[in-house]
Amino acid sequence: MRKIGLIATSGLLALTAACNQASNTAGEGATPPKAAGVVTPVPLPVGPNFPVPTATINGWIDAGDTASIRGHAWSLWQAMAAPSGQKFNDQELPIWETWAGPNDVFPTNLAAVQAGTNGVSLEARLAKPRVIRNFAAPLQFHHAKGVKLGALGTFGNSDVTADNKFNPQAATFIDSPQAGPGGAKYDYSTQSGLTKLNASWPTGTTPQNRGINEFPVQAIELKPVFGTVAAKGLTVQPLWQGPGGSTNPTNPTIRTWTTCMLVSPDGTGPVRPATPAEIASVSTAGTACKTFLWTPLSTLYAVRLTAPEAKNFAAATGKTVAEGDYAVLLAMHVNTKEIPFWTWQTFWWQPGGDTPNGFPGSKQGQPTSLGGPWSNYAACTAYNQTTTPSSQTMQVCFNPYLETDPSIPAGITSNCMSCHGVAVVGNSQPYPANYNKPIAFFTDPTYFSTTVTHTDFSWAVATSP
């Protein structure tokens, strides 16, 4: 494995200090007042559960200690879900929702950034009212060859949107120009900067050495996935029950799931079979619903949509979405740089019982202190490509809301590490065609050559604007 070091820039330290100040109720007089609508990123508290020493996690991997690996995944989930002390639209945010989004880390209006009108630095941009939730079609639906961005309605999972979130350490790293070939500085937040880096490697530089600098060990990247629930009436939300619970087991996209939840925005009580009257009150057009369960909105992390958010969600999906409807968290990828090849865990909404056969994961190992709605999510982990380093059995860990889409080859046999390990700048094979054997990072000639630069497992960096 490659060596890893903590990258501590003055900007990171300043941002982390500012975040700690904002979340500390003591010494309030020392914290300058914020402008209305400003959300300050709150870092994940540093302690025994984060960051876990690299040697400890690698020991779990070597021993095939699934219980410890899952325990770590749940500790991350619980810590990120803790109240942040920050509010948006009159609702307190969990820690992860305060983190920088793609509009903060990869500003699309570079002219405005250069002019200083929306903040030259990341800190300046975060000090202004900003987009907290970026509702967009998941970029991974467009990675496959021949698929164009903006082709709405062609994807099996087009009802959902995805965002990216970056904790303060990850955001500051991406925003800070990084040293590279020839002693020059390179911008990782723009394709132009990455293209310059890719063209600057000295002749003879091996594919393994053609890579961006590594993220700091406390870096975290997220991909939250949202659906919607109407403010009134019952909303049909298909429920993952494994490939066997789909009319298309090979590509079990959301619209092929045969078990559906009827989500009540104001109901209370446990998950139960829906009544005939409840079933008759909803439209199942465009779904494969056969079995119906009723559930309250409280089984989901839900936020009321502002008018601009509703407009953005509708534009990303083609759905009818109104102000006051709810965006509901259906899934989330969570990646941490605690080990050189990152830790990988993904979570998805699973109210009631687990998926049959616990595929690809379950709620097993949740801490008893994990409260709702967060306890209604299942998880799987992939801290290595194979079940143990010496095994030939590939690890399977995918998110039903994302990797079941037909634009992702072999998605239901995939794992997070193999997919992200091929993230590069330059011409490349977008995704592994299959997951029959581990990929040799960063030497496999199928993905790595002297015409590409690998981006430390970050598709967010590889696909920056």
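**Close-up 1. An open sheet of four strands, ordered β8-β9-β11-β10, has mixed pairing.** Welcome to this predicted model. The two edge strands of the sheet are β8, covering 235-238, and β10, covering 272-273, and each of them pairs on one side only. Have a look at β9 and β11 as well: strand β9 spans residues 259-264, strand β11 spans residues 291-296, and the two pair in the parallel sense over six bridges.

**Close-up 2. Cys260 and Cys289 are joined by a disulfide.** A disulfide is a covalent bond between the sulfur atoms of two cysteines. In the link of Cys260 to Cys289, the distance from S to S is 2.0 Å. Cys260 belongs to strand β9, while Cys289 sits in the loop between α9 (276-280) and β11, so this pair ties together parts that are 29 residues apart in sequence. Which hand does the disulfide of Cys260 and Cys289 have? The torsion about the S-S bond is about -80°, so the disulfide of Cys260 and Cys289 is left-handed. Is Cys260 buried or exposed? Cys260 has a relative accessible area of 0%, so this residue is buried. Cys289 is buried too, with a relative accessible area of 14%, because buried means under 20% relative accessible area.

**Close-up 3. A disulfide also joins Cys380 to Cys397.** Here the S to S distance is 2.1 Å. The link of Cys380 and Cys397 is right-handed, with 90° about the S-S bond. This pair connects distant parts of the chain: Cys380 is in strand β15, and Cys397 is in the loop between β15 and α11 (416-420), 17 residues apart. Both Cys380 and Cys397 are buried. How many disulfides are there in the count? The count comes to two disulfides. With bonded cysteines counted along the chain, the disulfides follow the pattern 1-2, 3-4.

**Close-up 4. Cys416 and Cys419 are in no disulfide.** For Cys416, the nearest cysteine sulfur is that of Cys397, 4.1 Å away. Cys416 counts as buried, at 9% relative accessibility. For Cys419, the nearest cysteine sulfur is that of Cys416, at 7.9 Å. Cys419 likewise counts as buried, at 12% relative accessibility.

**Close-up 5. Ile174 is a buried residue of helix α7.** This helix covers residues 168-175. Ile174 has 0% relative accessibility and therefore counts as buried. What is Ile174 in contact with, leaving aside its neighbours within four places in sequence? The partners of Ile174 are Val105, Phe106, Phe166, Asp187, Tyr188, Ser189, Phe215, Glu221 and Val461. One of them, Asp187, is 13 residues apart from Ile174 along the chain, and the C-alpha atoms of these two residues are separated by 7.8 Å.

Close-up 6. Most residues other than glycine have a negative phi, and most peptide bonds are trans. To find Pro51, look in the loop between α1 (10-23) and α2 (54-63). Where is Pro373 placed? Pro373 is in the loop between β14 (343-349) and β15 (377-381).

**Close-up 7. Asn89 and Trp342 each have a positive phi.** Asn89 is a residue other than glycine, with phi near 55°. Asn89 lies in the loop between β1 (83-88) and β2 (91-94). At 40% relative accessibility, Asn89 counts as partly exposed. For Trp342, also a residue other than glycine, phi is near 70°. The loop that holds Trp342 runs between β13 (326-336) and β14. Is Trp342 buried or exposed? With a relative accessible area of 1%, Trp342 is buried.

Technical notes. Residues are numbered from 1 along each chain as its sequence is written. This is a predicted model: local features need pLDDT of at least 70, side-chain atom pairs count only at pLDDT 80 or more; totals for chains, interfaces and linings use all residues. Side-chain values use heavy atoms; hydrogens and water are left out. Two strands pair if DSSP finds at least two bridges between them. Buried means under 20% relative accessible area, exposed over 50%, partly exposed in between (1.4 Å probe, protein chains only). Contact means heavy atoms within 4.5 Å. A disulfide is a pair of cysteine sulfur atoms within 2.5 Å.
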